[in-house]
Amino acid sequence: MNEPAHTPGPITSQLGRNAPPYLEGLNEEQAEAVLTTDGPLLVLAGAGTGKTRVLTTRIAHILATRKARGGQILAVTFTNKAAREMKERVGGLVGGAVEGMPWLGTFHSIGARILRRNAEAVDLKSDFTILDVDDQIRLIKQLLAFENVDEKRWPARQFAIMMDGWKNRGLLPKDLDEGDAGFFANGKARKIYADYQARLKQLNAADFGDLLLEGIRLFRENPDILADYHDRFRYILVDEYQDSNTAQYAWLRLLAQAKGDQQPNICVVGDDDQSIYGWRGAEVDNILRFEKDFPGAKVIKLERNYRSTSNILSAASHLIAHNEDRLGKTLQTDVGEEGEKLSLVSVWDSEEEARHIGEDIEQLQRKGHALNDIAILVRASFQMREFEERFITLGLNYRVIGGPRFYERREIRDALAYLRLVNQPADDLAFERIVNVPKRGLGDATIKIIHEVARAQSIPMMQATRMLVDTEELKPKQRSTLSGLMDQFDDWAARLRTVPFHELAEQVLDESGYTAMWQNDKSADAPGRLENLKELIRSMEEFETLGGFLEHVSLVMERDTGEADDAVSIMTLHSAKGLEFDTVFLPGWEEGLFPHQRALDESGRAGLEEERRLAYVGITRAKKRAKLSLAQNRRIHGLWQTAIPSRFLDELPPEAVEVTDTGSSYGGYNYGGRQQTASRFDNADPFDALYETPGWKRARAQQTRRKDPGPLTIDGELVARSVDDGSGSGFRVGDTAVHLKFGTGRVASVEGNKLTIDFEGVGRKKVIESFVRRG
């Protein structure tokens, strides 16, 4: 983000000619945030106001003025990408690479570092394994089986999600209330959770949630260790504070406790208006109560936006002002131009929406607009399909941001399991994953025997295997196979001391037969899997040790999407936070989709406010133009639904929005549990614009029939009427009806505009009358 130099104010004017270069170009509020180094500070940074620059310049200032050394600064962010960018920027500001900041990283990477230094205090060893979700589920399945819990009725994945929620809230098994403990497996949740934690200790392992949960326990039970970190960290800085969950908050509060009368030097940077991750545990209250947690804290608001035009900011500010739970700020542009108004277009259906946006993008491309500077931000991932299909038809390059991550692919998980066992032979979950991959003729009965011996002896499964190959419990063939596998792991572990581990990794995959397994696989995706394994080997070369690489894999949760080709980015609104584009398309602004009905049903007003923050984030991703759209009809989960405009549209300022092609079919609908007055979007003539797509031509040709209370017919097909208009049904019991999806059937009953039909081949279905025609 390029920020223009700003006219010096009361603070920056005092810097004089000898001011360090890293302070040049800061505006008044930014400079104040950088130079205020004593006591608690909340930097309330609006979208595009230079938040990252303030944070990195503040670190550079602390280092340059020698208020603290790099090892005395705790700088926490949420993603590895943000941590790398922060370190690079600080290095650029202070004139060199920043190597002396071991405590700059994500919550979980720093949590892991602290736990490894103090592992014995939480019943672990310093080389503990960090489990991923797949390994968690394997372990939970074992515990459910031991408790005779039906895994089909009480899925292990469901329990893993529940447990992650408890850990995000900082809850140990003893802290669960009866509601939490009684919900799963007829009241066995607390015991399964406790057994899970105990089993982790036996495995010398921790899951992702434990990296903070065990850190909280470490600090609470060991005041001397906590005091050591109080002395160590002279400054604490936290990025994206509005995204912190309860466990992260508790962990930070322990590290930022006041020392007597001395307030901690903690600076948190965030934006309550961009708190959009409540569904994964983020608590917007953490930033809202900062001043209560740290009495006398200073609050600095960054409101000068260097990204967007005034029309975009006006629309976003007007929208977010409808939220009640916020600290309050108003963005002002420093771009220096009013810019284009937000455009709002109404289309007949989602297919036409994709067609319209595709045509818009092609027009922009013809004018020289780079596709990399265009994004389509959807509320739900199912919206992406039609854009993908349309862009393929047009030959328009696109990329989908999100989806399966590299380290979550099957072949990568298998390869990592081999390497984890070479590094940590007590890793039972890795052992179970690869002991018969590739196939070695080891059935479930053999694995069960190994598991029983390991449990009875309280030893790792690999050690139990070594015992079994010397006894008669297993058949000779299985004993020979397992003996050979143990010899291989002994050989690999010995080579690890003399061979670079990325070379050893390739040898492990070759000698184990894993590479050959995919080479012999004739499926269409086998070549791609082999390429992924090659990429895995290449990715190891920048790491010094196998242990360091495996920890990196456990902590990295981001996917590299930096494709070289010029392409439109398609992603969900949640994935777009922190990004910016010249042009942003925002489709699907309809009630039930945006705001999403599930958010309203589950969280009420809090859910609505988070949805509004999501809309605010979407609009503020745009630098030059934001293009909103809605469809009158949309297929959701295979069913056509008639849509009505999102309530958020009437919360935008009319003077900043240009409305085109809006239909008149929306007036009079009620939504949100309250009677709506006429919307300003009802007043425009829906067919004034020269939008000449086939679907729009058909709709325009039927304009004169809109006053007919009966169902609208276009080219002989009924268009959905989703509410009973009181005119009665045109069908009677016994009539033959044809449905586009279910085929031909006979009407069994009529209820208003809903028909129950016995279809040939698929049975009885209840459908809306407007979706069928007479047979």
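Guide: Helices and strands here are DSSP runs, numbered from the N terminus. The model is predicted.

Visitor: Where is the place of Ser308?

Guide: Ser308 sits in the loop that links strand E9 (304–305) with helix H14 (310–320).

Visitor: Is Ser308 buried or exposed?

Guide: The general idea is a cut-off: buried means under 20% relative accessible area. Ser308 has a relative accessible area of 0%, so Ser308 is buried.

Visitor: What does the side chain of Ser308 reach?

Guide: A polar contact is a pair of N or O atoms within 3.5 Å. In this case the Ser308 side chain reaches the backbone oxygen of Ala622, at 2.6 Å.

Visitor: Now the sheet. In what order do the six strands lie?

Guide: The order of this open sheet is E3-E2-E6-E7-E1-E8, and its pairing is parallel. Strand E3 (104–106) and strand E8 (298–302) are the edge strands, each pairing on one side only. On average, neighbouring strands of the sheet are turned by 15° against each other, direction ignored.

Visitor: How many bridges join strand E1 to strand E7?

Guide: Two strands pair if DSSP finds at least two bridges between them. Strand E1 (residues 41–45) and strand E7 (residues 266–270) run parallel and are joined by four bridges. As one example, Leu44 has Gly270 in E7 as its bridge partner.

Visitor: Which strands does helix H3 lie across, and which does helix H4 lie across?

Guide: Helix H3 (residues 80–94) lies across strand E2 (73–77) and E3, at about 165° to E3. Helix H4 (residues 107–117) lies across E2, E3 and strand E6 (235–238), and runs at about 110° to E3.

Notes
Residues are numbered from 1 along each chain as its sequence is written. This is a predicted model: local features need pLDDT of at least 70, side-chain atom pairs count only at pLDDT 80 or more; totals for chains, interfaces and linings use all residues. Side-chain values use heavy atoms; hydrogens and water are left out. Helices (H or I, at least four residues) and strands (E, at least two) are DSSP runs, numbered from the N terminus. Axes are lines fitted to C-alpha atoms, for helices over the stretch in contact, and angles run from 0 to 180 degrees between N-to-C directions. Contact means heavy atoms within 4.5 Å. Buried means under 20% relative accessible area, exposed over 50%, partly exposed in between (1.4 Å probe, protein chains only). A polar contact is a pair of N or O atoms within 3.5 Å; within protein, one must be able to donate a hydrogen and the other to accept it, and residues adjacent in sequence count only if both atoms are side-chain atoms.
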